[in-house]
Number of protein chains: 2
Amino acid sequence: MRDVSVIGIGQTKVAEHWDRSLRHLAGDAVLAAMQDADIETADALFVGNMLSGLLTGQEHLGALIADFVGLRGIEAVKVEAACGSGAAALRMAYAAVAGGMHDLVVVCGVEKMTDTVNAETTTGLVMAADADYESIHGLTFVSINALLMRRYMHEYGVEHQDFAHFTVNAHHNAAGNPNAMFRNRITVEQFSRARMIADPINLLDSSGIGDGAAAVVLCPTNRAREYGNGRAVQIRASSMATDAVAVHDRPDPLWLSAVEASASRAYQQAGVGPRDIDLFEVHDAFTIMAALSLEASGLAERGKGVWLAQAGEITREGRVPICTMGGLKARGHPVGATGIYQVVEVAQQLRGDAGENQVPNARLGMTQNIGGSGATVITHILAA
Amino acid sequence: MRDVSVIGIGQTKVAEHWDRSLRHLAGDAVLAAMQDADIETADALFVGNMLSGLLTGQEHLGALIADFVGLRGIEAVKVEAACGSGAAALRMAYAAVAGGMHDLVVVCGVEKMTDTVNAETTTGLVMAADADYESIHGLTFVSINALLMRRYMHEYGVEHQDFAHFTVNAHHNAAGNPNAMFRNRITVEQFSRARMIADPINLLDSSGIGDGAAAVVLCPTNRAREYGNGRAVQIRASSMATDAVAVHDRPDPLWLSAVEASASRAYQQAGVGPRDIDLFEVHDAFTIMAALSLEASGLAERGKGVWLAQAGEITREGRVPICTMGGLKARGHPVGATGIYQVVEVAQQLRGDAGENQVPNARLGMTQNIGGSGATVITHILAA
């Protein structure tokens with residue numbers, strides 16, 4: 001299979017875009033990425049989205065967005081894997097380019113979560129869980145994560161406040177990202193005092209939902225110099241793994257086996273280990289997911305994810321910088337777009353374009369996008 | 001890229017399965033296909049589905065179905081392209097196998113359209129159209145097709161009754177298919193007297209919605225002899241093209257340019273022409289779509305699709321047998337599953353397993369799955 005590079009990136013600000021429809025958001029990101037790559041056409045478009053059907057009465061986003069951005073006629077399709085939809089679309093695009101089906105492919109993650117007509121986002125997000133065995137009993141997506149967090153605190157003797165530094169770090173980094181939703185810095189005390197959402201998860205444990213779109217352009221690495229002014233970054237690994245959707249079906253709810261499988265395959269493909277990763281865009285939909293992901297990815301020992309954060313190792317100056325542009329928590333989490341935002345941000349870091357958020361000497365960046373509470377996990381490793 | 005073969009097929013009956021949930025239907029089809037291929041594991045699962053989020057509150061079908069069929073952990077994802085979701089999933093799977101990413105892949109199309117809790121199927125199906133410019137004005141999916149049919153009748157001087165033979169043929173063939181939904185034969189007179197749905201489309205112009213699932217197993221052709229008792233059929237071509245979603249955005253609404261692009265690319269890849277096709281599973285969601293598809297696929301002249309049907313050329317004994325197991329009209333149209341049913345049926349024909357519906361000397365079969373009113377078109381050509 002061929003090596004694949006990212007030769008263009010684009011993103012909208014994550015916000016409540018009351019004046020922008022889903023197709024406008026997607027169009028802004030796609031056209032920015034195509035301009036960045038200096039291309040005017042493409043062979044195919046892959047769209048990552050989870051909620052447009054339920055929330056806006058619109059499916060069929062592949063053809064819709066392809067036409068809207070001036071690419072009428074090309075191959076175009078939507079890929080869905082709950083909150084992992086963005087990176088799942090990227091992986092399908094990666095397969096098409098690596099395998100030789102296409103040379104020039106655009107991937108767009110987009111989600112429109114405010115100003116919706118048909119349903120509440122809470123109804124939408126729980127579609128990531130098991131409808132017949134979880135949500136039917138009244139569980140929401142946040143309450144499933146609350147059960148995990150409570151179990152973690154019980155098993156490992158951790159207090160709620162011990163999770164604070166995930167949020168402090170995310171907001172600190174978002175302050176330097178003009179595309180982030182929440183750019184206010186917060187303190188440990190503010191974290192502890194935040195309003196309870198689903199005990200023990202409070203408002204500042206939770207990522208913010210919003211509207212947004214991000215896009216990347218891929219091509220074979222050996223053609224990357226034709227485009228993008230020599231600023232390509234290479235996809236060194238791409239992997240996807242799954243687990244039971246219902247958390248109660250897993251033998252050990254506190255061990256995200258799909259994270260372990262996806263990350264270890266990615267390390268193997270890239271020929272690196274966890275210690276070689278210079279920054280990690282982790283799927284911090286809730287602080288508990290950040291802790292569990294760091295552990296199953298081999299970046300912290302089991303039960304020690306929160307201590308990595310407390311020790312300052314997740315900051316830009318630490319051993320494993322995470323959420324370097326704000327993460328899901330503070331950049332915002334437009335669910336189907338998040339996986340592409342992560343890749344765009346890693347590309348910014350590897351290009352040296354992250355401004356005041358630049359991680360020094362960033363050569364190898366990892367992204368991990370998760371659908372559900374760990375049921376679908378897509379990991380990518382990118383290199384400068 | 002590697003040649004790819006279908007080494008296993010499975011399907012449920014299309015029906016109102018009040019006692020079977022979405023995952024049970026998918027499981028039945030997947031396990032049947034895996035048994036047919038004589039395999040017990042797979043590298044990846046691709047699911048085609050359009051409506052499960054809106055109708056049953058369940059997204060994230062990749063991980064959900066992988067786990068349910070005993071494949072917990074494997075790569076799994078859902079692909080959506082409205083009513084073309086099934087074949088779109090097949091195409092992603094084809095890319096993964098042809099490109100070398102995976103060796104053994106299962107593709108499942110599934111749709112649960114009855115016994116739903118959240119919304120009506122009419123609300124669901126119109127998500128294939130343009131929400132901001134078509135459905136917002138009250139157009140349903142059938143009424144969009146009714147406008148096309150009215151225009152066709154006006155442009156080409158065709159009467160409604162001239163479309164009858166598409167339906168007569170479909171029901172005739174469904175009578176011999178135990179998995180079909182409507183196995184009653186009908187007459188031209190019954191067609192003409194049928195209840196009006198959206199003028200000029202009546203009940204017997206319209207395919208029947210239902211619950212169902214179909215599945216196929218793919219592997220590289222050079223490994224096909226290891227599996228499936230030597231009954232593999234080869235995928236000789238796979239192609240996808242798109243068009244504007246909103247019909248009013250197309251320069252010529254009666255010419256399905258995405259059908260033309262997709263079919264002509266498929267002919268080119270397979271090194272054949274329209275006259276070499278022994279049978280064609282066409283996307284006859286409505287009789288008008290069958291006529292337009294035959295024309296843009298090069299199997300009838302422009303404006304002459306209905307005459308091909310009237311002349312008996314679409315029957316099993318004709319020049320271009322279509323809907324050989326009942327088609328969308330009479331086998332039934334569980335939307336996200338339809339594209340895989342088409343491939344399963346062509347495989348049955350090419351294996352010589354179509355029973356009383358067998359097309360004599362079937363060597364080359366084409367399937368064409370359409371999302372929306374021609375906005376996404378996926379064509380596959382298979383060979384014995």
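Helices (H or I, at least four residues) and strands (E, at least two) are DSSP runs, numbered from the N terminus. The model is predicted: local features need pLDDT of at least 70, side-chain atom pairs count only at pLDDT 80 or more, and totals for chains, interfaces and linings use all residues. Side-chain values use heavy atoms, with hydrogens and water left out, residues are numbered from 1 along each chain as its sequence is written, and chains are lettered from A.

Cis peptide bonds come first. In chain B, P200(B) sits in the loop between β5 (196–198) and β6 (201–202). A cis peptide bond joins P200(B) to D199(B), with omega about 10°. In chain A, P200(A) lies in the loop between β5 (196–198) and β6 (201–202). D199(A) and P200(A) are joined by a cis peptide bond, and omega is about 10°.

Chain A has 13 helices and eleven strands. Its C-alpha trace spans about 55 × 45 × 40 Å along the principal axes. Of the 384 residues of chain A, 70% are buried. Here buried means under 20% relative accessible area, exposed over 50%, and partly exposed in between (1.4 Å probe, protein chains only).

In chain A, among contacts between residues at least 6 apart in sequence, 78% join residues at least 24 apart. Chain A exposes about 12,000 Å², and carbon and sulfur atoms supply 47% of that area. Accessible areas come from the Shrake-Rupley method with a 1.4 Å probe; for residues, only the protein chains shown count as cover. Chain A carries 29 positive and 42 negative charges, and their mean positions are 4 Å apart. Lys and Arg count as positive and Asp and Glu as negative, while His and the chain ends are not counted. Each charge is placed at NZ of Lys, CZ of Arg, CG of Asp or CD of Glu.

In soluble globular proteins, nonpolar side chains tend to be buried together. A nonpolar core is a set of buried Ala, Val, Leu, Ile, Met, Phe, Trp, Tyr and Cys residues joined through side-chain atoms within 4.5 Å. The largest such core has 145 residues. Those with the most contacts inside it are F163(A), F166(A), I381(A), F163(B), F166(B) and I381(B). Apart from this core lies another, of 86 residues, including V346(A), L382(A), Y341(B) and I378(B). Beyond its neighbours within four places in sequence, F163(A) has contacts that include M149(A), Y152(A), F191(A), I288(A) and V306(A).

M366(A) is found in strand β10 (residues 364–371) of chain A. M366(A) is buried, at 0% relative accessibility. Leaving aside neighbours within four places in sequence, its contacts include Y267(A), F280(A), V346(A) and I381(A). M366(A) and R150(A) are 216 residues apart in sequence and 28 Å apart in space, C-alpha to C-alpha.

A37(A) belongs to helix α1 (residues 22–37) of chain A. A37(A) is also buried, at 0% relative accessibility. H102(A) lies in the loop between α4 (85–98) and β4 (105–111) of chain A. At 9% relative accessibility, H102(A) counts as buried. Not counting residues up to four places away in sequence, H102(A) touches R91(B), as well as residues of chain A including R2(A), D43(A) and E75(A).

Two residues other than glycine in chain B have positive phi values. For A82(B), phi is near 55°. A82(B) is in the loop between β3 (75–80) and α4 (85–98) and is buried, at 0% relative accessibility. For N361(B), phi is near 55°. N361(B) is in the loop between α13 (335–351) and β10 (364–371) and is exposed, with a relative accessible area of 68%.

R319(B) occupies the loop between α11 (305–310) and α12 (327–331) of chain B. R319(B) is partly exposed, with a relative accessible area of 39%. The C-alpha atoms of R319(B) and D276(B), 43 residues apart along the chain, are separated by 10.0 Å.

Key. Contact = heavy atoms within 4.5 Å.
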